[in-house]
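Dear colleague,

I am handing over the structure below, and after it I set out what was found. Please read the notes with the structure open beside them.

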Amino acid sequence: QVHLVESGGGLVQPGGSLNLSCGATGRISSINAMRWYRQAPGQQRELVAEVTSGGTIDYGDSVKGRFTISRDYAKNTVYLQMNSLKPEDTAVYYCQAGIQYSSGGKYYSRWGRGTQVTVSS
């Protein structure tokens with residue numbers, strides 16, 4: 001069984017920074033893309049950032065220039081450095097990854113349980 005575990009959330013003042021991490025553990029043959037999503041109360045889940053197996057990176061428009069995604073392929077871990085945080089960044093942040101359990105097999109989407117980020121003075 002594969003688990004994605006996020007950490008690093010918390011309460012921060014506007015303009016502050018947080019660094020989230022998400023590690024995948026368990027029986028893993030390969031991981032394709034790793035992504036960060038977020039969901040604020042009463043809103044739909046939105047893509048924040050993604051990094052593919054080949055290193056291609058993309059960001060949601062609302063976080064470009066402020067957030068940086070990175071990935072440690074050896075540790076099956078993805079990070080999200082969040083700078084210049086705004087109150088509207090307040091949400092639960094979820095990690096998602098495409099996991100291959102055996103070589104040549106299908107990739108399955110797996111999600112972490114999320115970590116709360118609150119930006120408030």
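This is a predicted model: local features need pLDDT of at least 70, side-chain atom pairs count only at pLDDT 80 or more; totals for chains, interfaces and linings use all residues.

The side chain of Gln96 is joined to that of Ser109 by a polar contact of 2.9 Å. Setting aside neighbours within four places in sequence, Gln96 is in contact with Leu4, Ala33, Met34, Arg35, Tyr37, Ser109, Arg110 and Trp111.

Two of those partners, Tyr37 and Trp111, come up again among the aromatic rings, where the count comes to two pairs. The ring centres of Tyr37 and Trp111 lie 4.9 Å apart with the planes at 45°, so this pair is tilted. Because Tyr37 belongs to strand β4 and Trp111 to strand β10 (residues 107–111), the pair ties together parts that are 74 residues apart in sequence. As for accessibility, Tyr37 counts as buried at 18%, whereas Trp111, at 38%, counts as partly exposed.

The other pair is formed by Tyr101 and Tyr108 and is also tilted, with 5.6 Å from centre to centre and 45° between the planes. Tyr101 has a relative accessibility of 22% and counts as partly exposed, and Tyr108 is likewise partly exposed, at 36%.

Trp111 also takes part in an arrangement with a charged side chain: the charged end of Arg45 sits over the Trp111 ring, 4.7 Å from its centre. The charged end of Arg45 sits over the ring of Tyr94 as well, at 3.9 Å from the centre of that ring.

Turning to the interior, in soluble globular proteins nonpolar side chains tend to be buried together. Here the largest nonpolar core has 29 residues, of which Trp36, Leu80, Met82 and Tyr93 touch the most other members. Two or more residues of this core come from each of β3 (18–25), β4 (30–39), β5 (46–51), β7 (67–72), β8 (77–82), β9 (91–100) and β11 (115–119). The strand that gives the most is β9, with five residues.

With best regards

Terms used
Residues are numbered from 1 along each chain as its sequence is written. Side-chain values use heavy atoms; hydrogens and water are left out. A nonpolar core is a set of buried Ala, Val, Leu, Ile, Met, Phe, Trp, Tyr and Cys residues joined through side-chain atoms within 4.5 Å. Buried means under 20% relative accessible area, exposed over 50%, partly exposed in between (1.4 Å probe, protein chains only). Helices (H or I, at least four residues) and strands (E, at least two) are DSSP runs, numbered from the N terminus. Rings of Phe, Tyr and Trp (its six-membered ring) pair if their centres lie within 6.5 Å; planes under 30 degrees apart count as stacked, over 60 as edge-to-face and the rest as tilted. A charge sits over a ring if NZ of Lys or CZ of Arg is within 6 Å of the ring centre and within 35 degrees of the ring normal. A polar contact is a pair of N or O atoms within 3.5 Å; within protein, one must be able to donate a hydrogen and the other to accept it, and residues adjacent in sequence count only if both atoms are side-chain atoms. Contact means heavy atoms within 4.5 Å.
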